[in-house]
Amino acid sequence: MAERFKSVLLVAAAAVAVCSFCVTLGQQQSQQGPVSELCLGCICEATSNCNRSLGCNGDVCGLFRITWPYWSDAGKPVIPQDHPDNEGAYVRCVTEPYCAATTVQGYMAKFGKDCNGDGIVNCFDYAAIHRLGGYGCSGALDYNYQNKFMNCQRQVQQLSEGK
């Protein structure tokens with residue numbers, strides 16, 4: 001029973017993480033891109049437990065732990081009324097959940113590919129690209145990241161199947 005409760009809490013946490021991307025500023029629509037909101041939620045969960053309070057630590061910032069080169073490769077998205085050349089635009093974007101998710105979408109639009117050789121580009125490939133980079137995604141994922149990601153994916157799948 002305790003294990004089932006823990007699973008329900010994990011699904012709820014993943015749903016909250018995903019919903020943080022559904023909630024928009026003002027009248028903005030949900031970001032468009034190759035990565036589904038459920039997939040973004042699991043990448044976020046695996047990366048930082050979707051901790052929205054994370055600032056910068058070394059060269060990584062925000063709940064997706066995004067670097068400046070990643071943000072730049074993603075097209076330098078910015079929050080409303082900001083400009084990519086403004087000082088601090090990178091940090092303001094990647095520490096704000098919607099803009100950070102837009103950054104991930106931009107990066108995947110540029111680097112999205114089949115990383116594991118199964119013939120399809122899916123959420124697992126996007127998770128590998130996010131963690132290992134656009135040119136190194138065929139490498140091995142670290143255990144903790146892969147385990148958190150796969151657990152989230154299982155929970156999302158079970159939830160969608162009504163189990």
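What follows is a walk through the disulfides of this predicted model. Local features are given at pLDDT of at least 70 and side-chain atom pairs only at pLDDT 80 or more, while totals for chains, interfaces and linings use all residues. Residues are numbered from 1 along each chain as its sequence is written, and side-chain values use heavy atoms, with hydrogens and water left out.

The structure contains six disulfides, a disulfide being a pair of cysteine sulfur atoms within 2.5 Å. If the bonded cysteines of the protein are numbered in sequence order, they pair as 1-10, 2-12, 3-4, 5-6, 7-8 and 9-11. Three of these links are described below.

One of the disulfides is formed by Cys-42 and Cys-152, with 2.1 Å between their sulfur atoms. This pair links distant parts of the chain: Cys-42 belongs to helix H2 (residues 37–48) and Cys-152 to helix H7 (residues 143–160), 110 residues apart. Helices here are DSSP runs (H or I, at least four residues), numbered from the N terminus. The angle about the S-S bond of Cys-42 and Cys-152 is -75°, and the link is left-handed. Cys-42 counts as buried because its relative accessibility is 0%. Cys-152 has 2% relative accessibility and therefore also counts as buried. Buried means under 20% relative accessible area, exposed means over 50%, and partly exposed lies in between (1.4 Å probe, protein chains only).

Another disulfide joins Cys-115 to Cys-137, with an S to S distance of 2.0 Å. Cys-115 sits in the loop between helix H5 (97–111) and helix H6 (123–132), and Cys-137 in the loop between H6 and H7, so the pair ties together parts that are 22 residues apart in sequence. The torsion about the S-S bond of Cys-115 and Cys-137 is about -95°, which means that the disulfide is left-handed. Cys-115 counts as buried because its relative accessibility is 9%. For Cys-137 the value is 3%, so Cys-137 counts as buried too.

The remaining link to be described here is between Cys-56 and Cys-61, whose sulfur atoms are 1.9 Å apart. The torsion about the S-S bond of Cys-56 and Cys-61 is about 105°, so this disulfide is right-handed. Its two ends fall into separate accessibility classes. Cys-56, at 42% relative accessibility, counts as partly exposed, whereas Cys-61, at 2%, counts as buried.

Notes: Helices (H or I, at least four residues) and strands (E, at least two) are DSSP runs, numbered from the N terminus.
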